[in-house]
Amino acid sequence: MFASFSALSTRQRGAARLAAATLLSGLVAAGSLTAAGPAAAGGETAQNPGGATAFINGLKTYGAAVIHGDNGDRQVSAGLFEMSVEGGGTLQTYCVDVHNPTQNDAKYHETPWSGTSLGANKDAGRIHWILQNSYPQVNDLAALAAKAGVTGGLSEQDAAAGTQVAIWRYSDGADVDAVDPQAEKLADYLQKNARALPEPTASLTLDPPAVSGHPGERLGPVTVRTDARGVTVAPPADAAVSGVRVVGRDGKEITSAADGSQVFFEVPEDAADGTATLTVQASTTVPVGRALTSESRSQTQILAGSSESTVSAAASATWAGSGAIPALSAAKDCAKDGVVITAGNEGDEAFTFALMGVQYTIPAGESRTVTIPLREDQVYDFTIEGPGGFAKRFTGVLDCLTQGSGTGITVQSGAEPSPATVGGTAADTNLAETGSSDMTPLIAGLAVALVVLGGAALLITRRRNDRPKD
């Protein structure tokens, strides 16, 4: 019987955790984490929980701010970013990661707070209040100035800078002031009056994002969660060949759904073992306060405004006639310092796989979760493989912390910023998209050494794994 994941001994788990902690870049090399049974290359990368996907265009409305740190005062730009939504739409965002640079044209995904530094920030709800009660949600600048006690009025630049400064005081604990007196007055008002608001709901998600079962069954349900009036439902790309249909609870094929709708994969009884993916899409405004993160370690953003924008989500199904039938999904969890994998098994045999030198077993008909511990800023890329060629790949970077105030922020010029390109060096860092580091050569050297140490730790773990199990 298994009360949880069936793992090896406590000592072996400790060795595996040591190996995981040691491997600063051990998962970067796309290590294959193989399950029992035949395996094939391929599989899909699936970790975006759904919602808006957008590309950052840079700062558009901003003023100047000064961050006071151990290394002295540094001037930066503070204000609103603009993003272009994939499929159509525009987002306005503020930064909640002041010491990290923004990468040029970085691709962002709507993300739960739990996958960012906001998840462990007791003041995240106050940031949400600031967003709801300041520019651009409040675009009557005369009224905003009156509330804040600002004489002489507020420009858009003042309003954006003051709002960003107030957010940084809560998101990063930064000792920061706006250069313009009006903007500073607004920042003080917002900081003093902020009250905790709950995290906003996602614009669109599917729950769960992965299901499994046998041919001849309806696999699911998958529940639609959205603030849109409705969503369009696209069947699997090879539906005409495989015969897999997307149906509602009544068994009728569907092409649209609403919030709370349950959808199923209907798999023909004579279908060969396989997988399929359905997608849903909608047009809606993304809720203010939603976090946006990039897999290129670009500065974390929080939504301040949205046009009508395209949002989407996907769910996958796996089926087989017999044996283990896994369903895998993953999400970053900053409270647990890692990636949490949810693994279900609707087959008639146990599903067994190894992660970081530890073997896990999911009994037939059950589901478990396991956390892969990672270091901050660690890039990961791994695949879990299963019977019949099943393979699921997960990639990303753990970005859960904001850095301390002594990191050395580049002095801001008066020109509009030109963000660093993805993979750029510290010398390319934009003056306002804040953040630079002299640690890159040291980190590179440490990474090489730690990979060697990590290999030794994993070898020790594997030898322990070879001992007979109880």
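**Strands and helices**

Modeller: Strand β11 (residues 218-226) and strand β15 (residues 262-266) run antiparallel and pair over four bridges. Strands pair if DSSP finds at least two bridges between them. Helices (H or I, at least four residues) and strands (E, at least two) are DSSP runs, numbered from the N terminus. This is a predicted model: local features need pLDDT of at least 70, side-chain atom pairs count only at pLDDT 80 or more, and totals for chains, interfaces and linings use all residues. Residues are numbered from 1 along each chain as its sequence is written, and side-chain values use heavy atoms, with hydrogens and water left out.

Biologist: What stands opposite V222 in β15?

Modeller: V263 does.

Biologist: And how many bridges join β13 and β15?

Modeller: Three, in the antiparallel sense, with β13 covering residues 245-247. V246 has F265 of β15 as its bridge partner.

Biologist: New topic. What is the strand order in the open sheet?

Modeller: The order is β10-β19-β16-β12-β14, five strands with mixed pairing. The edges are β10 (210-213) and β14 (256-257), each pairing on one side only.

Biologist: Do β10 and β19 pair in the parallel or antiparallel sense?

Modeller: Parallel, over four bridges, with β19 spanning residues 309-319.

Biologist: While we're on β19, is T310 buried or exposed?

Modeller: T310, which lies in strand β19, is buried at a relative accessible area of 16%. Buried means under 20%, exposed over 50%, partly exposed in between (1.4 Å probe, protein chains only).

Biologist: What does T310 contact?

Modeller: Beyond its neighbours within four places in sequence, T310 touches A52, V85, E86, G87, G88, Q281 and A282. Contact means heavy atoms within 4.5 Å. A polar atom of the T310 side chain is 2.9 Å from the backbone oxygen of G87.

Biologist: Now helices. At what angle do α2 and α4 pack?

Modeller: About 170°, for α2 (residues 124-132) and α4 (residues 156-171), with axes 9 Å apart. Axes are lines fitted to C-alpha atoms, for helices over the stretch in contact, and angles run from 0 to 180 degrees between N-to-C directions. That makes the two helices roughly antiparallel, a label for angles over 145 degrees.

Biologist: Which residues make the contact?

Modeller: R126, I127, I130 and L131 from α2, against T163, A166, I167, Y170 and S171 from α4.

Biologist: How many residues of α2 are buried?

Modeller: Seven of the nine, so α2 is largely enclosed by the rest of the structure. Its buried residues pack against β5 (90-95), α4, α5 (181-193) and β18 (301-306).

Conventions
Parallel < 35°, antiparallel > 145°, perpendicular 65-115°, else oblique. Polar contact = N/O pair within 3.5 Å; in protein donor to acceptor, adjacent residues only side chain to side chain.
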